[in-house]
Amino acid sequence: MESVVRVHNRCGSLVQRSDNKEYEYQCCDCDEDLFRFETHQIEITDKMEFYALEKDNKYLYDRDGDVMLFESEEQAKIYIHEYEIEDDEYEIKKVR
Ligand SMILES: [Zn+2]
């Protein structure tokens, strides 16, 4: 597991890769596309809990090869829904 994640400067939520070519990241909480300078990296501590999507013991990765992390089961479900991944295809797993 990665021990560092990237978050939105303003709200502190985890960001994901943006599908919009003009931007690098997107914040699902703010529903906004972001430039890199609008984000920063933080180290995961033991107190934090994240969820990942897992299939056949393999995590779902983003384009950069980083494990995609979600702050809540709810967010992971929203992602599954948005990208029309079959509900039973991936298991939502608590990472920490
Ligand atoms: Zn945000």
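**Entry 1: ground rules**

I am working on a predicted model here.

**Entry 2: Asp31**

Is Asp31 buried or exposed? I find 7 other C-beta atoms within 10 Å of Asp31, so Asp31 is exposed. The residue sits in the loop between S3 and S4. I also looked up its backbone: phi of Asp31 is near 55°, which is positive although the residue is not glycine. That is worth a note, because most residues other than glycine have a negative phi.

**Entry 3: the whole chain**

Next I stepped back to look at the fold. I count one helix and nine strands in the protein chain. Reading from the N terminus, I get the order β-β-β-β-β-β-β-β-α-β. The radius of gyration comes out at 13 Å, close to the 12 Å that the globule rule gives for 96 residues, so the chain is as compact as a globular protein of that length. Along the principal axes, the C-alpha trace spans about 35 × 30 × 20 Å.

I then checked burial and contacts for the chain. Buried residues account for 14% of the 96 residues. Taking contacts between residues at least 6 apart in sequence, I see that 48% of them join residues at least 24 apart.

**Entry 4: the sheet S2-S3-S4**

I traced an open sheet of three strands, ordered S2-S3-S4 and paired antiparallel. Its edge strands are S2 (15–17) and S4 (32–34), each pairing on one side only. From one strand to the next, the twist averages 35°.

**Entry 5: Cys27**

Cys27 belongs to strand S3, which covers residues 25–27. I find 22 other C-beta atoms within 10 Å of Cys27, and therefore Cys27 is buried. What does Cys27 touch, leaving out residues up to four places away in sequence? My list is His8, Cys11, Ser13, Val15, Glu32 and Leu34. I also took one distance from Cys27: Met48 is 21 residues away in sequence and 18 Å away in space, C-alpha to C-alpha.

**Entry 6: the nonpolar core**

I asked which residues make up the largest nonpolar core. There are eleven: Leu14, Val15, Tyr25, Cys27, Leu34, Phe50, Tyr51, Leu53, Leu69, Phe70 and Ala76. S3, S6 and S8 each supply at least two residues of this core. As background, nonpolar side chains tend to be buried together in soluble globular proteins.

Leaving out residues up to four places away in sequence, Phe70 touches Leu14, Phe50, Tyr51, Gln75, Ala76 and Tyr79.

**Entry 7: S6 and its partners**

I followed strand S6 (residues 51–55) and found antiparallel pairing over two bridges with strand S8 (residues 69–70). Strand S9 (residues 91–94) also runs antiparallel to S6, joined by four bridges. Tyr51 turns up in both pairings: its bridge partner in S8 is Phe70, and its bridge partner in S9 is Lys94. Strand S7 (residues 58–59) is another antiparallel partner of S6, with two bridges. In that pairing, Lys55 stands opposite Lys58 in S7.

**Entry 8: the S6–S7 hairpin**

I stayed at this spot to look at the turn. The hairpin of S6 and S7 has two residues between the strands, and Asp56 takes a positive phi near 50° there. Asn57 also lies in the loop between S6 and S7. Where is phi of Asn57? I read a value near 65°, again positive in a residue other than glycine. Asn57 has 7 C-beta neighbours inside 10 Å and therefore counts as exposed.

**Entry 9: S1 and S5**

My last stop was strand S5 (residues 39–43). How many of its five residues are buried? I count zero, so to speak a strand that is hardly covered. S5 pairs with strand S1 (residues 4–8) in the antiparallel sense, over five bridges. One of the pairs I noted is Val4 with its bridge partner Glu43 in S5.

Methods. Residues numbered from 1 in each chain as written. Predicted model: local features only at pLDDT ≥ 70, side-chain atom pairs only at ≥ 80, totals over all residues. Buried ≥ 20, exposed ≤ 12 C-beta atoms within 10 Å, placed from the backbone. Contact = placed C-beta atoms within 7 Å. Pairing = 2+ DSSP bridges. Rg over C-alpha atoms; globule rule 2.2 N^0.38 Å. Core = buried A, V, L, I, M, F, W, Y, C linked by C-beta atoms within 7 Å. Axes fitted to C-alpha atoms, helices over the stretch in contact; angles between N-to-C directions.
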